[in-house]
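Hi,

Here is the structure I promised to pass on. Have a look at it first, and then read my notes below.

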Amino acid sequence: MEWETVIGLEIHTQLATRSKIFSGASTTYGAEPNTQACAVDLGLPGVLPVLNAEVVRMAAMFGLATHSTVASRSVFARKNYFYPDLPKGYQISQFELPIVHDGYLDIELEDGSSKRIGITRAHLEEDAGKSLHEAYLGKTGIDLNRAGTPLLEIVSEPDIRSAKEAVAYMKKIHALVRYLGISDGNMQEGSFRCDANVSVRPQGQQEYGTRAEIKNINSFRFVEQAINYEVERQIMLLEGGGTVVQETRLFDADRHETRSMRSKEEANDYRYFPDPDLLPVELDEAFLDAVRKTLPELPDARKARLVSEHGLSEYDAAVLTASRELADYFEAAVQAAGGAGKLTANWVMGELSGALNKSDCDITNSPVSAAALGGLLLRIEDGTISGKIAKQVFETMWKGEGSADDVIEQQGLKQISDSSAIEGIIRDVLDNNPKQIEQYRGGQEKLFGFFVGQVMKATQGKANPKQVNELLRKLLDS
Amino acid sequence: MYQKSLVELTADLQKGIYSSEELTRACLQRISAHDERLNSFVTVTEAQALVAAQAADVAIKAGSAGPLTGIPFAHKDIFCTNGVKTSCGSRMLDNFIAPYDATVTEKLLEAGAVMIGKTNMDEFAMGSSNETSFYGPVRNPWDETTVPGGSSGGSAAAVAARLVPASTGTDTGGSIRQPAALCGITGLKPTYGRVSRYGMIAFASSLDQGGPFTRSAADAAVMLGAMAGFDPRDSTSVERPVDDYVAQLNKPLQGLKIGLPKEYFGEGLDAAVGDAVAAAIDEFKKLGATVVDITLPNTHLSVPAYYVVAPAECSSNLSRFDGVRFGHRAENPKDLQDLYTRSRGEGFGEEVKRRILVGTYALSAGYYDAYYLKAQQARHLIRDDFLQAFEQVDVIMGPTAPSVAFKLGEKADDPVSMYLSDIYTIAVNLAGLPAISVPAGFCNGLPVGLQVIGNYFDEARLLNVGHQYQQVSDWHTRSPQGFE
């Protein structure tokens, strides 16, 4: 039987505010346990939450950027359950009336087509603290620094049909929140993670199959692995005559498998009700207009512009706009390179990306700045150096040994474009290799490459290759 | 000096007739002499009070004193007080020293008032008789075999017995007005949002409101003036200037329109209480007020709606008492479940557990619509009744409670009968309106309270009405035998 996979993702993205969603405590990552938890975060008796206005603005930005409705009235609700790292015994979230709903996002598939994924809703909520089970022998430590960190939970429609699509969607959301500047998207620090609802059904069947929810996946790779494992597990189960049970599963990254955490029967009844400590969030058109004006150029629009402005291919433009930082770098480099779009694209996606990968470095702290790279490309454009020499210059620049012009100057790498000088060198080469000239003239034309090589060797690669070719042919054939 | 009103004490302090320290010592002396019988205090903060009194005396001498500078008062033990035990009448918080001040605590501190201690109360403010306290019942100074009312029973009894001139309370379904009525003093529940709830341990967040207990409306005007105001730390507090309550006390009542809801004078009302209230209303007529019969047709929904909304909110509000970070923690828990179960099982009393269970049930999947949502709809109907009435009248009057103070233990085993003692006060909380209870006579030697309900933010009028009545009556000046 042919099976169809049905996936919906719930992405939790941490909003990049300085203080928490309902208190003034700092959200900085990595502080000593419990040093960033104030009375409100600790859930002391008598404390009350006060909404951080910044999270509302950020959620509205996300809504506007995803063609969603930003609700004129949304309501915070309490999700009640007991857990030691949940100080109040309830999480403040949004339930019936989320701040953002009914939008979509288009993703690009591998075959070059695009697909629309519906966004059911995005709601604001506070994060819980962290339970530390390993560090204390036989005991559990509670770190509440994280408690009250603002999250936007983005829930997709079950429109995703494969692990690859899920990854493409997740990457697109990741790029978007970073473009919008509403999240740093740092997956190691847990600022961006997702739950995947996965089910399978016979190809052509209308009803959805029973789904399993895989919790807390914190990398693109794991999303793909977890979904693929889960799909295979469900198909094997069904083909063996079994049934899928609705349950929550955990992905074990070491074993590349999912395993059951709790079944539907064990699921909590969260007893949601509107939080009486907080007023409904009411937004008017004037507010949304003001937010709309602050929206940066979004990935899709930017990609289209790069294609039309710089003549890039769709593929190159998609790669370069995958993150706002990369696109910013590219555009700054193009400008410094005097508008050489295609050349800059090749360098950013080639040499630069390779070097960044090799030294495990991020584009935002690249040792070679966009302006510096542009300066190097400018020297290729104006013929000062060849592309080959440029790679050598780039390596030196990467080590922090100055600008392109400095390196060219210090290492004497300036391209020799003076015809008479090149001609002199060619004559020397020809004089020293009479046997090869004879063979060449005798019909062994592939020896032409040998002479080019000798000239380049004699000039340490600095001779303008085009000129070398022309002059050499002229002298040999004369 | 303990027989004097707050306003009189302020005048005497400022004239230098006695110092705040002397006054504070006198109050401390009254507490040690009488409170063993009443049990109105959980904590007496003697050393701290004397330091505050000395500071107040300095301010008075420097001429920088306000109307509350140097005035001793007691906090209901529901307001967080930095460095002082804040028990909420519960074993759960018997070991809890609040690490911060409630906004109301801060405001009274800034006003120079001298906190003398924390008063006994029904556990987590759940009760109408002060019998659910972990620290034992409070006794009514008018008859020590009767209850003082609740949940702010300790605060009411302490003022009635002349241990302190003023105290704070909280009112979720009548917890200021009913004990004020049963103890023969003045108690004001402000409009929801007028007094900050920050640092006031939550029972039912959408209903709770702090307010003062005093012997007179004029004294309450001074207290409310200090307690009220917008607080950015409480999202439900309302950004609106605080009226000058004292300045409006003396407005004549000529032309005041009083609404008498027929639902507040029907079955269930003790006849003698009804007579006392009727007599009080006659006094208002003599002052130039007119009386209109009105109807609040959805009054019968208020007790059922309240006993869904309040338990629902409390079931969630009290989840934080889990033995993990503060409060009672079971010894040697064998696992997490055991820690939760025993900490909460041991820490909470019967009434609190009952309400948590009721509330948990009402919010459960499949029941939410039938209970919580329905109750919220009833709440809208109740509020609309009042809004309609206030198109016709300036204030609404009736009895505060259906009877005078009942015997200790009389209703303790019958929660429904206990709940009905708040039948006239609960609707006001559901609507979020302000209301005051003032002494209006006696039945069998026990005080009767007159409740005056006002429109939103009409506290100044309620205090004015109460004050004018107290100019022509002397119920509020009487003190219980043995405490004169």
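How many bridges join β10(B) to strand β11 of chain B? Seven, and the two strands, with β11 covering residues 446-454, run antiparallel. Before you go further, keep in mind that this is a predicted model.

That pair makes a hairpin, with two residues between β10(B) and β11(B). In the turn you'll find N444(B), which has a positive phi of about 50°.

Elsewhere in chain B, look at L38(B), in helix α2 (residues 20-38). L38(B) counts as buried because it has 24 C-beta neighbours inside 10 Å, and 20 or more is what buried takes. Leaving out residues up to four places away in sequence, L38(B) touches V138(B), R139(B), P141(B), A157(B) and A161(B). G154(B) is 116 residues from L38(B) in sequence, yet their C-alpha atoms are 8.2 Å apart.

Over in chain A, A267(A) lies in the loop between β14 (257-263) and β15 (273-274). A267(A) counts as exposed because it has 12 C-beta neighbours inside 10 Å. Its C-alpha is 28 Å from that of P202(A), 65 residues away along the chain.

Cheers

Note on methods
Residues are numbered from 1 along each chain as its sequence is written. Chains are lettered from A and ligands numbered from 1 in the order in which they are written. This is a predicted model: local features need pLDDT of at least 70, side-chain atom pairs count only at pLDDT 80 or more; totals for chains, interfaces and linings use all residues. Helices (H or I, at least four residues) and strands (E, at least two) are DSSP runs, numbered from the N terminus. Two strands pair if DSSP finds at least two bridges between them. Two residues are in contact if their C-beta atoms, placed from the backbone, lie within 7 Å.
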